[in-house]
Amino acid sequence: SVVAHALMRSICVVFVCQEGALETQAVLLAKSLRQQLGRTVELLACLPTPTMIYGSPSVDTLVLLRQLQVHVMNIRNPLGLNYKIGNKLACLEAAQRFCKDSGLKVDTVLFLDSDMLCVEGTGYWNAFDAHPEAVLLKPADYNTWGGSEGNLWAPLYRAFGISEPLERVQATCTGERMWPYFNSGFVAVPIHLCTKLQHAWIRISQRIRDEQLVQEIYPWLDQISLPLALAEAGLRWAVVDESYNFPLYARDGVDQTTMLVHYRNPVNCIKDRKCMDAIAQFCQQSPELWKLVRSTPAWTPVSEALQLQHCAALGACPFGRNQETSSGTETTNSAERPVGHDVAACSIVKLESDDGDIRRGFMHRTSQRIIGAVSRTLNKVHMDVFVVTSCVIGAAVLFSVSSYIKTSAQRASI
């Protein structure tokens with residue numbers, strides 16, 4: 001069981017939380033981890049600084065994190081402001097320092113990208129038990145860098161004086177054989193090795209950037225430097241399968257063994273029933289979380305898809321829209337009603353339609369919005385034409401009147 005394993009192996013999960021869409025993602029990730037793994041893991045949210053650049057998560061977000069027993073800690077991006085993905089490179093040592101200062105006995109630090117959800121807890125600990133002293137990683141989905149024969153990797157290894165690796169991995173989406181190249185959205189490190197790996201990871205990343213050893217570093221710098229850092233630090237690594245870092249953005253939906261879903265863009269959640277059920281359940285349990293999801297523009301497609309579902313208590317009543325009563329009057333819009341009414345009364349956790357209905361409903365709503373926008377544009381065009389025409393007619397009348405007065409004046413003088 002999860003509890004039994006927790007007594008044997010303790011994990012601290014660390015992720016980034018910053019103002020905007022990322023704070024909504026971070027709260028959903030934390031909620032999903034608590035839902036599936038309970039209190040068997042420590043959770044740490046790293047807040048990038050300076051706040052004048054990254055902003056600060058809202059008070060509501062911080063309250064939600066506190067309710068989920070998520071610790072927070074400030075970090076600074078070691079790769080500078082031009083590569084914001086570099087915030088993740090500060091997370092490993094931050095988690096190690098936090099655990100030490102808090103007196104927590106943790107075996108492994110697990111960094112996760114914030115755009116992930118934990119949808120299953122059964123079997124979660126298997127990889128950690130199998131490789132307790134190795135860095136756990138999932139190969140990249142695609143061979144986006146390095147070339148089919150590793151023609152870009154070889155000179156990079158030589159530049160750092162590191163022997164070329166003999167190991168090869170397979171891209172999880174294409175099956176292509178490639179040099180060690182990993183998706184950095186899931187990085188599990190034995191806690192006593194965090195500082196060693198992070199220092200090597202930062203140093204190599206900075207040198208690649210400063211000496212322009214790689215022409216295009218965005219958005220792959222952290223993934224290019226990671227295998228080099230592992231080799232330079234002399235750390236052993238092991239591969240985990242897709243169930244620990246499932247690329248929903250490249251798949252039609254998750255399978256039964258998936259534990260961690262990497263959705264990348266919130267809209268990808270719509271195509272998977274398991275993700276939508278989980279998000280709906282989280283929002284039902286926490287009106288404050290539903291409010292956060294609904295108020296985040298990047299999550300609008302998801303909140304609208306949820307709103308289109310059948311309501312268990314009120315029938316087919318998509319909450320969040322004005323509803324007409326039998327007398328023909330409109331009820332108050334959901335934005336003006338308490339969030340609890342939307343979630344509790346409508347029970348959005350009851351997603352009774354299949355995924356096709358979700359997508360069709362969302363497409364219908366989107367098409368209606370497009371039609372409305374076109375209509376408003378045409379109305380505006382018609383109004384503009386009316387105004388221009390009125391101005392032309394008015395000018396013509398003024399010209400005629402002016403000519404008449406001038407002619408009359410000339411006749412009078414004669």
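Q: In this predicted model, which element gives the largest share of the lining of the largest pocket?
A: That is β9, which supplies three residues. The pocket holds about 750 Å³ of space. It has 28 lining residues, and Ile85, Lys88, Asp113, Asp115 and Pro219 are the closest to its centre. Elements giving two or more residues are α2 (21-37), β9 (182-190) and α9 (221-233).

Q: Why is the pair of tyrosine 124 and tyrosine 244 called tilted?
A: The ring centres are 6.1 Å apart. The cut-off for a pair is 6.5 Å. The planes stand at 50 degrees. Stacked needs under 30 and edge-to-face over 60, so the pair is tilted.

Q: How do you know that tyrosine 124 counts as buried?
A: Buried means under 20% relative accessible area. Tyrosine 124 has 0%, so it counts as buried. Tyrosine 244 has 4%, so it is buried too.

Q: What makes the pair of tyrosine 157 and tryptophan 179 tilted?
A: The centres lie 5.8 Å apart, within the 6.5 Å limit. Tyrosine 157 sits in helix α7 (residues 153-159) and tryptophan 179 in the loop between β8 (177-178) and β9, so the pair ties together parts 22 residues apart in sequence.

Q: Why is tryptophan 179 called buried?
A: Its relative accessible area is 7%. The cut-off is under 20%, so tryptophan 179 is buried.

Q: What makes arginine 264 lie over the face of tyrosine 249?
A: Arginine 264 is 3.7 Å from the ring centre. The distance limit is 6 Å, and the charge must also be within 35 degrees of the ring normal. Arginine 264 counts as lying over the face.

Key:
Residues are numbered from 1 along each chain as its sequence is written. This is a predicted model: local features need pLDDT of at least 70, side-chain atom pairs count only at pLDDT 80 or more; totals for chains, interfaces and linings use all residues. Side-chain values use heavy atoms; hydrogens and water are left out. On a 1 Å grid over the protein atoms alone, a cavity is a set of points where a 1.4 Å probe fits but cannot get out, and a pocket is an open set with protein on both sides within 12 Å along at least five of seven lines; lining residues have an atom within 4 Å of a point. Grid points are joined across faces, edges and corners, and a volume is the space filled by probe spheres set on the points. Helices (H or I, at least four residues) and strands (E, at least two) are DSSP runs, numbered from the N terminus. Rings of Phe, Tyr and Trp (its six-membered ring) pair if their centres lie within 6.5 Å; planes under 30 degrees apart count as stacked, over 60 as edge-to-face and the rest as tilted. Buried means under 20% relative accessible area, exposed over 50%, partly exposed in between (1.4 Å probe, protein chains only).
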